[in-house]
Amino acid sequence: MRDFYGTTLANGFMLGTAQYPSPAILAEAFRRSGASVATVSLRRESGQDRAGQDFWNLIRDLGVHILPNTAGCHSVKEAVTTAHMAREVFDTPWIKLEVIGEEDTLQPDVFGLVEAARILTEDGFQVFPYTTEDLVVADRLLDAGCEVLMPWGSPIGSGLGLNNIFGLRALRAHFPDVPLVIDAGLGLPSQATTAMELGYDAILLNTAVAKAGDPAAMAEAFALALKAGKLAQSADPMEPRDMAAPSTPVIGKAFLE
Amino acid sequence: MTAVTVIGAGVAGLCVARTLLDRGAEVTLVDRHATPGSHACSWWAGGMLAPNCEGESAEEPVVRLGAEAADWWAAQTDCVQRRGSLVVSPGRDRADLARFARLTTGHRPLTGPQITEMEPDLGTRFTRGLHFENEAHLAPRAALDALRDSLIADGATFRQQEADPDALATQGLTVDCRGFAARDALPDLRGVKGEMLILSCPDVTLSRPIRVLHPRVPIYIVPRGDGMFMLGATMVEGRAGRHVTARAMLELLSTAYALNPAFGEAEVVEIGVDSRPAFPDNLPRIRRDGNLIRANGLYRHGFLLAPALARMVADLILHDKTPEVSDEIAA
């Protein structure tokens with residue numbers, strides 16, 4: 001498995017910590033998911049006086065890697081400030097960088113993203129940028145110092161799955177050595193399987209689990225799906241073809257010419 | 001006669017005191033403040049008695065225990081209105097309405113014209129909704145005042161003083177209902193900040209609480225009569241002091257404006273903020289340690305669950321019956 005800034009993860013499951021009915025259900029979902037990374041967003045207001053401490057302690061107690069994010073930031077300045085706060089609170093150089101460009105689709109502002117990634121990388125952060133499947137932007141992010149890319153599957157919280165399989169496959173093919181994470185838009189475990197079959201290294205999701213009627217069961221379903229996709233990918237899948245290829249021998253059957 | 005001291009005159013303490021008094025105990029209520037007010041979390045409550053709606057995110061006991069609330073409050077005060085509650089979503093967020101319907105019970109679907117008929121001031125803005133017919137709401141501040149006054153009238157003693165639960169417990173049975181102030185004794189209690197506001201808008205008439213679903217900021221509006229409306233409430237993990245963010249106000253006010261543009265002209269009467277005391281599963285707890293009983297963690301369900309909590313505290317004290325929501329503190 002490709003490593004993330006020198007850290008090898010037990011699996012490619014990154015799970016968000018927002019929107020659960022309660023912290024107890026959140027903890028149970030993590031237990032059943034076996035996720036190796038927890039993402040956590042920092043509201044600037046609670047960062048200032050460390051008011052979210054009780055909640056953050058609960059997240060720390062999950063015993064997994066913590067990936068703080070800059071969710072909801074709309075400008076480079078906001079994202080950079082939030083990243084600094086997160087580094088102080090969680091004592092990690094990791095930061096999932098979100099610079100939102102459009103309110104309805106929560107599409108990343110890729111120009112601001114590249115700029116913020118450069119600023120943060122120069123400051124010693126290890127940046128996980130939330131981006132699109134655009135190859136040129138991906139290239140610029142790598143130039144800016146990112147060693148991981150996190151393209152969206154579809155808009156955040158939409159549950160639409162992988163909207164542009166062709167683009168995601170091209171991204172994988174263009175950057176065979178860069179760890180790639182599908183971030184956002186997954187709604188069903190089968191979509192996570194597809195992501196892993198495409199050769200992606202990890203998936204990151206939140207809403208699909210947190211807003212399921214039974215979050216813990218859905219977390220486990222995603223874990224199984226992830227495992228299936230990963231195993232399938234490593235098993236060297238067959239090539240699709242246009243015509244049927246009989247799976248049973250035809251010798252001995254009568255041919256009519 | 002069993003003598004009990006109850007500490008904290010917020011919604012939990014008042015309900016516990018009332019229930020114990022009704023069941024024949026001799027009750028002393030102790031609070032730092034003379035009257036219910038802004039120091040108590042319950043002062044800022046929405047006052048919805050909506051157990052079915054809460055089932056969307058809360059666990060089963062909230063729905064079941066909350067079903068006792070409307071009758072209890074109606075028997076104790078004249079602050080309860082039984083007109084059900086209404087859940088709507090903007091057209092583009094219809095998936096959220098479907099999800100809400102799936103996760104809750106006790107509702108019937110409404111068409112656009114039915115919504116307009118029930119709440120004419122919503123106009124034709126919503127084409128689908130849910131009506132929870134058996135739910136109710138109350139005026140929280142009036143209910144707290146009424147409960148305190150009736151307690152005193154019926155023979156409970158009220159003492160205004162700073163109380164030390166451990167010291168009081170050496171003298172007799174004590175119930176600690178201080179909410180977040182009891183954090184020192186309850187390390188797994190956390191604060192979940194909520195911001196609300198009160199608008200005066202005589203141009204708009206609504207007759208029941210309305211929840212507006214939205215993927216990021218679900219918000220409710222509760223009519224308080226005389227053109228007053230309560231809008232709430234944000235949910236922010238962490239006891240973030242008493243400052244109100246611009247974002248919270250923006251979210252609350254845009255929802256009101258979306259319900260009826262006349263809210264744009266409303267007067268902002270009050271802005272409130274406090275922390276809800278909550279345990280990790282967001283369910284309340286009753287913990288007994290000898291003479292000291294701690295009842296806490298009502299989270300966003302103060303008025304909804306306090307009657308059931310009080311019943312269980314009374315059963316524990318008077319009949320030694322282990323409460324459903326109890327867990328033992330390690331000695």
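**Backbone first, then charges**

Tyr299(B) has a relative accessible area of 12%, so this residue counts as buried. The cut-off for that class is under 20%. The model is predicted, so the values below describe a computed structure. Tyr299(B) sits in the loop between β18 and α10 of chain B. Its phi is positive, about 55 degrees, although the residue is not a glycine. Most residues other than glycine have a negative phi, and most peptide bonds are trans.

Tyr5(A) lies in the segment before β1 (13–16) of chain A. At 14% relative accessibility, Tyr5(A) is buried.

The peptide bond is the next thing to check. From Gly232(B) to Ala233(B) the bond is cis, with omega near -25 degrees. Ala233(B) belongs to the loop between β14 (228–232) and β15 (236–237) of chain B.

Start with the strand, β18. Arg294(B) forms a salt bridge with Asp176(B), and their closest N and O atoms are 2.7 Å apart. Arg294(B) is in strand β18 (residues 292–296), Asp176(B) is in strand β10 (residues 173–176), and the pair links parts of chain B 118 residues apart. How accessible is Arg294(B)? Its relative accessibility is 9%, so Arg294(B) counts as buried. Asp176(B) is buried as well, at 0%.

This pair does not stand alone. Asp166(B), Asp176(B), Arg178(B) and Arg294(B) are linked in a network of salt bridges. Side chains of opposite charge can pair when their charged atoms come close.

Next, β17. The side chains of Arg287(B) and Asp188(B) meet in a salt bridge, 2.8 Å from N to O. Arg287(B) lies in strand β17 (residues 285–289), while Asp188(B) lies in the loop between β10 and β11 (190–200), so this pair ties together parts of chain B that are 99 residues apart in sequence. Arg287(B) is buried at 9% relative accessibility. Asp188(B) is partly exposed at 30%.

Glu162(B) and Arg32(B) form a salt bridge at 3.9 Å, N to O. Glu162(B) is in the loop between β9 (157–160) and α8 (165–169), and Arg32(B) is in the loop between β2 (26–31) and β3 (48–49), so the bridge ties together parts of chain B 130 residues apart in sequence. That 3.9 Å falls within the 4 Å limit for a salt bridge. Glu162(B) is exposed, with a relative accessible area of 59%. Arg32(B) is partly exposed at 46%.

Beyond neighbours within four places in sequence, Ala310(B) contacts Cys15(B), Val16(B) and Thr19(B). Leu20(B) is 290 residues from Ala310(B) in sequence, yet their C-alpha atoms are 7.9 Å apart.

Ser89(B) gives one more buried site, with a relative accessible area of 5%. Ser89(B) is in the loop between β5 (85–88) and α5 (94–103) of chain B. Residues up to four places away aside, Ser89(B) touches Arg94(B), Leu97(B), Phe126(B), Arg128(B) and Leu213(B).

Finally, the wider setting. Chain B has 10 helices and 18 strands. A compact globule of 331 residues would have a radius of gyration near 20 Å, and chain B has 20 Å, which agrees. Its C-alpha atoms fill a box of roughly 60 × 35 × 35 Å along the principal axes. Buried residues make up 57% of the 331 in chain B. Of the contacts in chain B with a separation of 6 or more, 76% come from residues 24 or more positions apart. Chain B exposes about 13,500 Å², and carbon and sulfur atoms supply 50% of that area.

Chain B carries 35 positive and 42 negative side chains. The centres of the two sets lie 4 Å apart. Over all chains, the whole structure holds 28 salt bridges.

Technical notes
Residues are numbered from 1 along each chain as its sequence is written. Chains are lettered from A and ligands numbered from 1 in the order in which they are written. This is a predicted model: local features need pLDDT of at least 70, side-chain atom pairs count only at pLDDT 80 or more; totals for chains, interfaces and linings use all residues. Side-chain values use heavy atoms; hydrogens and water are left out. Helices (H or I, at least four residues) and strands (E, at least two) are DSSP runs, numbered from the N terminus. The radius of gyration is taken over C-alpha atoms; the globule rule is 2.2 Å times the number of residues to the power 0.38. Buried means under 20% relative accessible area, exposed over 50%, partly exposed in between (1.4 Å probe, protein chains only). Contact means heavy atoms within 4.5 Å. Accessible areas come from the Shrake-Rupley method with a 1.4 Å probe; for residues, only the protein chains shown count as cover. Lys and Arg count as positive and Asp and Glu as negative; His and the chain ends are not counted. The place of a charge is taken as NZ of Lys, CZ of Arg, CG of Asp or CD of Glu.
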